[in-house]
Amino acid sequence: MKLITAEIAWKNDSPFSLTHQDIYFNPDQGLKESNYVFFQSNELDKKNSPNILTTIGETGFGTGLNFLTTTHNWLRINPNKKLVFISSENHPLTKRDLAQALSLSAPNLTLTKELIAQYPANNPGYHTLNFCNDRIKLLLMFGDAAESYSRLNAKVDAWYLDGFAPSKNPDMWSPELFREIARLSKLGTTFSTFTAAGIVKRGLRDVGFDVRKQKGFGRKREMLVGTFVENTTPTPIEKPWFELPASKKPKEVTIIGGGLSGCSTARALAERGVKVTLIEQENQLATGGSGNPQGALYAKLPVKQTTQGELHLSGFLYSVNMLKRLDPEESFWSQCGVMQLATSDKELSRQNNLIEQETYPQQLVSLKNATELSEIAGTTVNFDGLFFPSAGWVSPRALCDHFVDHPNISVVQQQVEELSFAEGHWQLATQSGEILSSSHVVICNAEMANQFNQTDHLPLKTIRGQVSITQAKPANNQLNSVVCGDGYISPAQNQQYCFGATYDLQGKERNVTQDDHESNLEKLGKVLPDIHADLASEFNDLQGRTAFRCSTPDYMPIVGPAPVQDQFIETFAQLRKDRKWHFENAKAEHHPNLYVNTGHGSKGLITCPISAELLVSMICDEPLPLPKDVIDAINPARFIIKKLIKQTI
């Protein structure tokens with residue numbers, strides 16, 4: 001889906017929508033109007049909820065004025081409470097227009113500068129932005145409001161029904177949107193909107209809201225407010241096998257595995273105040289697939305959007321924003337850009353098609369010829385290709401060390417051999433004979449995640465890879481950006497080049513081999529002849545590292561609650577006969593408080609952080625940061641369901 005950027009004009013220094021022929025906000029009293037119509041009219045300044053988390057849903061993000069007004073008030077009134085603000089926008093402003101609008105309307109609000117800094121490229125889908133040490137989260141959904149909310153898993157406490165007036169933007173104020181608003185509401189959820197239009201009043205009443213009129217702002221005579229009292233249009237569950245178990249925020253969680261998956265999950269929990277015990281069997285973190293000196297941080301984009309492509313792009317953008325917050329000095333990563341070279345005619349055709357479709361904004365990716373790429377790289381590049389200016393490289397082990405540097409995280413060196421559940425707690429039997437106990441467990445130990453009885457059905461596989469490492473001499477050609485062809489090489493870190501990597505589906509050899517060094521050099525010579533000439537002369541001095549990536553049959557990670565396989569087979573057995581069978585009152589059974597986060601393959605830098613955020617949101621009963629169809633595609637139960645449909649189980 002191509003996203004159409006907002007077409008605006010500037011009238012009296014305020015943005016005006018040319019598409020809808022309407023203003024974005026009151027040019028004279030925009031802040032006061034936002035505060036009255038939305039924050040005060042939802043009584044967010046008065047609510048004394050015992051819940052530590054409040055969720056606001058909005059239609060029409062526009063310039064972000066409502067978000068900024070609300071968070072400015074929230075941080076002052078609720079110093080110890082967390083806010084999740086969810087908003088949709090079908091025609092996003094460019095970052096330049098957003099910055100100009102806010103410089104005039106909200107220059108001094110608490111998060112104005114941070115919002116402008118984190119505001120994403122205009123790419124369709126979900127964008128999660130974090131502020132104030134994760135106390136404020138903004139889930140920004142670019143796309144049609146009804147469609148965006150139809151993919152959301154959340155429970156909303158208050159609705160801001162904004163956007164252009166129904167007479168100017170009738171497509172947004174639809175029955176489909178009102179049904180989604182009802183689905184995502186709970187008894188007592190409030191709403192407010194600037195309009196008193198009959199289509200809005202009737203639409204909300206039809207789906208279960210008690211609707212009232214009150215005095216509008218300024219010279220506006222009336223506006224609507226109300227409360228959700230009854231779900232009159234319950235939504236049927238199409239795929240009950242993917243329904244998630246109820247959960248509430250725990251006090252403590254144990255994580256098995258100290259790679260990118262485990263460490264990012266630990267950090268996401270710790271930042272929510274949860275005490276974490278991270279168990280790693282080796283004497284240091286990130287010794288497996290997460291242990292290479294450098295890894296490329298970018299997403300290989302499909303020409304036409306796929307579920308996998310959406311996960312990778314959402315994860316890439318999330319990781320980049322996260323790294324900017326965690327390490328603004330770029331001590332263990334670099335936003336130096338990534339080149340994805342077209343080393344074959346087929347790949348060049350694919351890249352040309354990708355750019356011609358205009359699915360992705362130019363600030364995310366552009367096509368450049370070999371001469372342009374050579375100038376960017378600082379050395380001769382043999383092929384045309386895509387350039388990702390916001391991408392780069394990361395040191396995975398350093399990132400893992402940074403993740404666990406938190407007072408709520410304790411790292412324990414142990415090897416867990418068995419899991420059992422009794423009296424509300426998991427018992428973890430270790431190789432040393434010690435028994436550890438925890439109410440919640442997350443399994444993140446890569447290909448060993450299926451060693452336990454509860455998860456032995458997970459179809460994990462390993463893919464061997466070897467990187468080559470050598471000193472970068474001062475006289476060498478200096479590489480300025482990451483280059484990906486059939487392999488990859490990053491700019492030197494600590495005067496060392498790291499390049500490779502082999503991709504061996506059958507390989508079991510754990511030692512570094514000369515054959516793989518030769519393979520890595522051959523791939524390097526194909527794309528960077530001058531760099532290759534310098535490094536080939538040092539062949540006998542090459543060092544290296546082997547590791548085994550953990551992958552899955554569909555090359556998607558496994559993230560979510562651990563299903564009880566026997567119960568799934570029994571409950572959903574009818575799928576063997578009819579894959580479209582409608583189940584009534586069927587419940588998916590899961591092992592209590594047991595979760596899995598594994599199978600990230602070579603994409604861990606872009607999938608582990610967003611998967612950790614997703615998993616921890618499940619555990620802590622928060623709005624989920626990815627669309628439901630993407631969440632379903634990485635659900636651990638998917639392999640059981642596929643086998644039932646194929647009659648192989």
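Asp157 and Lys186 join through their side chains in a salt bridge, with N and O 2.8 Å apart. Asp157 belongs to strand S8 (residues 156-161) and Lys186 to strand S9 (residues 185-193), so the contact ties together parts 29 residues apart in sequence. The model is predicted.

Asp157 is buried, at 14% relative accessible area. Lys186 is partly exposed, at 32% relative accessibility.

## Pairs within helices

Arg183 makes a salt bridge with Glu180; their closest N and O atoms lie 2.7 Å apart. Both sit in helix H6 (residues 175-183), three residues apart, so about one helical turn separates them. Glu180 is buried, with 16% relative accessibility. Arg183 has a relative accessible area of 23% and is partly exposed.

Helix H10 (residues 345-357) holds Arg350 and Glu347, again three residues apart and about one helical turn from each other. Their side chains form a salt bridge at 3.1 Å, N to O. Glu347 counts as buried, at 14% relative accessibility. Arg350 counts as partly exposed, at 21%.

## Network and total

Some salt bridges share partners. One network formed this way joins Lys82, Asp134, Lys137, Arg272, Arg325, Glu613 and Glu622.

The count for the model is 21 salt bridges. Each has a side-chain nitrogen of Lys or Arg within 4 Å of a carboxyl oxygen of Asp or Glu. Side chains of opposite charge can pair when their charged atoms come close.

Technical notes:
Residues numbered from 1 in each chain as written. Predicted model: local features only at pLDDT ≥ 70, side-chain atom pairs only at ≥ 80, totals over all residues. Heavy atoms only, no water. Helix = DSSP H or I, 4+ residues; strand = E, 2+ residues; numbered from the N terminus. Buried < 20%, exposed > 50% of the residue type's maximum accessible area, 1.4 Å probe, protein only.
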